[in-house]
Every structure is written in C-alpha cells, then in structure tokens.
Amino acid sequence: MTTLRWALADGWTVARRDLIHWRNQPMTVVFGIAFPIMITLAFGYLFGGAVRVPPGAGYFDFLMPGMYGMTMLFGLSATMVAVSADAAKGVTDRFRSLPMAPSAVLIGRAVADLLHSALVLAGLLACGLAVGWRPASAGGALGAVGLLLLLRFSLLWAGMYLGLVAREPGAAVAVQTLEFPVGFLSNAFVAPGTMPGWLGTIAEWNPLSSTVAAARQLFGNPGWGGDSWVAQHPVLMAVAWPVAITAVFFVLSVRRYRLLDR
C-alpha cells in the first residue's frame with residue numbers, strides 16, 4: 001500500500017504540472033474544445049442531408065454519439081505528442097533522475113489528459129444540446145459518458161507507449177494520419193452492413209464501433225444494428241475492449257519507460 005500511495009502522490013504531482021501548463025496556455029485548451037465542435041457542425045450542416053441515417057432519425061441524433069467517440073480517438077495523437085515532446089526536451093530524463101515512483105510520470109500524464117478529455121467531451125455535449133440532440137435519460141447519459149471516457153483512458157496508454165517509442169513529436173503525424181481511417185472504418189458515420197463483407201467485419205470489431213454503439217444505446221439515440229455477436233453486445237464490448245487495451249499498453253508503457261536509454 002505504501003508503494004501505491006507513493007506512486008499516486010507522485011502521479012498527482014506530475015498531473016498538476018500539466019494542469020498548470022494548460023492554465024498558463026489556455027489557447028491549447030480552447031482549441032482542443034473548439035476543434036471537435038467545428039468538425040461536428042461541418043458534418044451536421046454540410047453533409048447531413050446527403051448521409052443516410054436510420055429510418056425516423058434526425059441526423060444530429062445519429063451523428064452526435066459518433067462524434068463523441070471520434071473525439072476520444074483523436075486524443076491518442078495528442079497524448080503521443082506530449083509524451084514524445086517531454087522525451088525530446090529531456091523532461092522525461094529529469095523525472096527519471098528524481099526519487100519518484102517509475103509509474104508516476106505515466107500515471108500523472110494519464111490523469112491530466114483524462115481531465116482534459118472530460119472537458120473537451122463536456123464542450124461537445126453542450127454543442128450537441130445546442131443543435132437539438134437529446135439523450136433519453138440522465139442515467140443512460142452518465143453511463144454513455146463513462147464508456148466514452150473509458151475508451152479515452154485506454155487510448156491514453158496506447159498514446160503514451162507510442163510517444164515513448166518514437167521520442168520525436170514529428171512521428172505523431174503518422175498517427176494523426178491514421179486516426180481518420182480508423183475512425184471512419186467504424187459505425188460512427190455509416191452502417192458496417194453497407195461495406196464489403198470483409199471490411200464490414202473489420203468495422204464491427206473496431207473498438208470504436210463498440211463504444212459508439214453502446215453510447216447510442218445508452219443515450220437512446222438511433223444506430224445501425226447487426227447480426228454479429230459483437231454488434232449484439234455493444235455495452236459488454238465497450239467495456240471489454242478498453243480493459244484489454246489498457247492492460248496491454250499499461251504494461252508496455254511502464255516497461256518502455258524503465259528501459260529508456262538502456
């Protein structure tokens with residue numbers, strides 16, 4: 001328990017460092033909130049009339065859960081950039097020279113980025129309410145938000161591992177390029193059933209698809225069904241996928257952090 005308390009206390013110290021940076025550079029936070037809102041409005045008002053949605057559904061009712069999920073995915077490269085920038089500037093090496101828990105730097109980054117993601121998601125939820133989107137119940141909405149943040153938490157660890165491996169902020173461009181294909185290869189905007197068979201199967205098993213489908217179900221918003229097992233159990237898979245991703249990349253991230261410069 002002493003080791004755990006030590007790691008958590010050191011982790012919160014590192015998280016406060018990132019929060020102070022955001023306080024001193026508020027435009028970073030403002031842009032992080034504004035960007036997904038601009039993308040949402042562009043999709044809703046420019047493409048809404050051309051996209052087929054489930055019968056009887058309004059486009060924003062269908063779109064918003066997909067955008068919430070995409071926003072959680074987009075945070076992966078942001079975490080990678082922050083971690084690789086700290087490594088390139090020598091900040092990570094200075095942390096490693098201090099008498100602190102090895103996992104504290106990663107835990108602190110995870111806490112700070114999750115708080116930032118919650119703020120970004122809150123801004124996008126407010127945008128959804130402003131354009132007419134409504135959840136069916138408060139309890140379901142809280143459950144959906146919890147699953148969205150759970151996905152983001154798991155992707156935090158993937159981003160941290162990639163940042164520690166790359167150690168160069170420029171490498172994040174490749175990850176940012178891949179975020180859009182991974183996001184579009186899901187049920188966020190179109191039904192996997194309209195894709196070629198093999199591609200639709202990949203889309204259904206995309207972790208983002210499970211979270212978006214579960215969010216639509218809990219929000220009470222329309223979505224695309226499916227006959228596959230994964231499509232029939234979206235809430236279960238929206239928990240299982242992030243837990244598995246976190247378990248894998250947490251271990252890899254801590255191991256990579258300990259092996260830096262060896």
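Among the elements of the protein chain, helix H4 (residues 91-96) has the lowest mean pLDDT, 74, whereas helix H9 (residues 207-219) has the highest, 95; pLDDT is the predictor's confidence in each residue, on a scale from 0 to 100. Over the protein chain the mean pLDDT is 84, and 90% of the residues reach 70 or more. This is a predicted model, in which local features need pLDDT of at least 70 and side-chain atom pairs count only at pLDDT 80 or more, while totals for chains, interfaces and linings use all residues. Residues are numbered from 1 along each chain as its sequence is written, and side-chain values use heavy atoms, with hydrogens and water left out.

Helices (H or I, at least four residues) are DSSP runs numbered from the N terminus. Two packed helices are described by the angle between their axes and the distance between the axes; the axes are lines fitted to C-alpha atoms, for helices over the stretch in contact, and the angles run from 0 to 180 degrees between N-to-C directions.

| Helix pair | Angle | Axis distance |
|---|---|---|
| H2 (residues 26-47) and H5 (residues 104-130) | about 40° | 9 Å |
| H3 (residues 59-89) and H5 | about 150° | 10 Å |
| H5 and H6 (residues 138-166) | roughly 135° | within 9 Å |

Angles under 35 degrees count as roughly parallel, over 145 as roughly antiparallel, 65 to 115 as roughly perpendicular and the rest as oblique. H2 and H5 are therefore oblique to each other, H3 and H5 are roughly antiparallel, and H5 and H6 are oblique. The crossing of H2 and H5 is right-handed, a term that applies if the near helix is turned clockwise from the far one by less than a right angle.

Contact here means heavy atoms within 4.5 Å. On the H2 side, residues including Gly32, Ile33 and Pro36 meet residues of H5, among them His116, Val120 and Cys127. By class, this contact of H2 with H5 has 9 nonpolar, 5 polar and no charged residues, where Ala, Val, Leu, Ile, Met, Phe, Trp, Tyr, Cys and Pro count as nonpolar, Asp, Glu, Lys and Arg as charged, and the others, Gly among them, as polar.

The crossing of H3 and H5 is likewise described as right-handed. The residues that make the contact include Met64, Thr79 and Asp86 of H3 and Arg109, Asp113 and Leu124 of H5, and the contact of H3 with H5 has 10 nonpolar, 4 polar and 3 charged residues.

For H5 and H6, the crossing is right-handed. Among the residues making the contact are Arg109, Leu114 and Leu121 of H5 and Leu149, Arg152 and Met160 of H6, and the residues of this contact divide into 15 nonpolar, 1 polar and 3 charged.

**Individual residues**

Arg109, found in helix H5, is buried, with a relative accessible area of 9%; buried means under 20% relative accessible area, computed with a 1.4 Å probe on protein chains only. Not counting residues up to four places away in sequence, Arg109 touches Val14, Arg17, Asp18, Trp22, Thr79, Ala82, Val83, Asp86 and Met160.

Asp18 has its place in helix H1 (residues 2-24) and is buried, with a relative accessible area of 3%. With residues up to four places away in sequence left out, Asp18 touches Gly108, Arg109 and Ala112. Asp18 and Ala112 are 94 residues apart in sequence, yet their C-alpha atoms are 6.3 Å apart in space.

Ala85, in helix H3, is also buried, with a relative accessible area of 16%, and its C-alpha atom is separated by 8.2 Å from that of Gly163, 78 residues apart along the chain.

Terms used. Helices (H or I, at least four residues) and strands (E, at least two) are DSSP runs, numbered from the N terminus. Buried means under 20% relative accessible area, exposed over 50%, partly exposed in between (1.4 Å probe, protein chains only).
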